[in-house]
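Please open the structure in your viewer and keep the selection tool at hand.

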Amino acid sequence: MTVLEKAIAKEPRMAASLLRLHFHDCFVQGCDASILLDDSATIRSEKNAGPNKNSIRGFQVIDEIKAKLEQVCPQVVSCADILALAARGSTVLSGGPSWELPLGRRDSRTASLNGANTNIPAPNSTIQNLLNMFQRKGLNEEDLVSLSGGHTIGVARCTTFKQRLYNQNGNNQPDETLERSYYYGLRSICPPSGGDNNISPLDLASPARFDNTYFKLLLWGKGLLTSDEVLLTGNVGKTAALVKAYAEDESLFFQQFARSMVNMGNIQPLTGFNGEIRKSCHVIN
């Protein structure tokens, strides 16, 4: 926690980056720290996958936590557990809920570049696509909507939402669900060509504070990504009702987010004699 406190005090968006690191880990081969492995003779790193390249970050914070733990209790705490603990700590330090976190995950000896390219939901996903991807991991609608609420902190790159501003449905028109003044603000950040790495907050009202504002903004047409907006407008199942419920009741959102983070952290962990406890999170032992 001391490492996290220092890192987040220095750069508040690091909290969101560490939360996302855990999510991008768990959706590929389960929560096994495969995302932390570098390229080697036998490993094609997930860091080079489309959803991760030039956007996934926070590795140095994980390394610092790992180094401190190795000094005190060598090869006891896995990198996979560190990712899960860092996600919880980041949520708490940003003003969000805490939860009892099952531990004992072990680290993978493999990574899956292909899995990272196919299993992590894209920012322009349809609602059906999101539901399918979450269902494949054993997660339901409540998990999808509450975990999307993690977008109450952090930023996104222009490349992830540019389509909404200029050519949402292949007709060279913007996404009509975008509130007008918000739309013009985004255009100033994200020009029609270039500027792909310019950033905009996912929650423009309180981008460093973990709260339920994300859901309120969705109701006002101010969700940044297509994958945010379709939770409200997608017309499938009860996702829109959940957005409204969480917008009205922050404690309800916090309770479900905590439950869903436990659910996500339980995706296919390696236990027993499977995997290993890496000495360094970047390489297998």
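Begin by selecting Lys238 and Glu142, whose side chains meet in a salt bridge at 2.9 Å, N to O; a salt bridge here is a side-chain nitrogen of Lys or Arg within 4 Å of a carboxyl oxygen of Asp or Glu. The pair links distant parts of the chain, 96 residues apart: Lys238 is in the loop between helix H11 (226-233) and helix H12 (239-248), and Glu142 is in helix H7 (residues 141-148). Helices (H or I, at least four residues) and strands (E, at least two) are DSSP runs, numbered from the N terminus. Lys238 counts as partly exposed, at 38% relative accessibility; buried means under 20% relative accessible area, exposed over 50%, and partly exposed in between (1.4 Å probe, protein chains only).

Two remarks on provenance apply to every stop. The model is predicted, so that local features need pLDDT of at least 70 and side-chain atom pairs count only at pLDDT 80 or more, while totals for chains, interfaces and linings use all residues. Residues are numbered from 1 along each chain as its sequence is written, and side-chain values use heavy atoms, with hydrogens and water left out.

**The salt bridges**

A search of the whole structure finds ten salt bridges. Side chains of opposite charge can pair when their charged atoms come close.

Select Arg164 next, which is located in helix H8. Is Arg164 buried or exposed? With a relative accessibility of 1%, Arg164 counts as buried. Its side chain and that of Asp175 meet in a salt bridge of 3.0 Å, N to O.

Now display the surroundings of Arg164. Not counting residues up to four places away in sequence, Arg164 touches, among others, Pro174, Thr177, Leu178, Gly223, Leu224, Leu225 and Thr226; contact means heavy atoms within 4.5 Å.

Move to Lys47 and Asp38, whose side chains form a salt bridge at 2.5 Å, N to O. Lys47 is buried, with a relative accessible area of 15%, whereas Asp38 counts as partly exposed at 29%.

**Helix H9**

Select residues 180-189, which make up helix H9. Which residues of H9 are buried? They are Tyr182, Tyr183 and Leu186. Look down the axis of H9: the buried residues fall within an arc of 100°, so they line one face of the helix. The arc is that of the directions from the helix axis to the C-beta atoms. These buried residues pack against helix H8 (162-166) and strand E2 (199-201).

**A buried aspartate in a loop**

Select Asp107, in the loop between H4 and helix H5 (113-119). Asp107 counts as buried, at 0% relative accessibility. Leaving aside neighbours within four places in sequence, its contacts include Asp32, Ala33, Ser78, Cys79, Leu270, Glu276 and Arg278. For a distance check, draw a line from Asp107 to Leu37: the two are 70 residues apart in sequence and 10.0 Å apart in space, C-alpha to C-alpha.

**Two positive phi angles**

Select Asn54, in the loop between helix H2 (14-26) and helix H3 (59-72). Asn54 has a positive phi of about 60° although it is not a glycine, and Asn54 is exposed, with a relative accessible area of 64%.

Continue to Gln75, in the loop between H3 and helix H4 (79-93). Gln75, also a residue other than glycine, has a positive phi near 50°. Gln75 is partly exposed, with a relative accessible area of 34%.

**The whole chain**

Finally, select residues 1-285, where UniProt, in an unreviewed entry, places the feature "domain: Plant heme peroxidase family profile". UniProt positions are given in the numbering used here, feature names are shortened, and annotations may be inferred rather than shown by experiment. Over residues 1-285 the chain is 46% helix and 2% strand, and the end C-alpha atoms are 26 Å apart.
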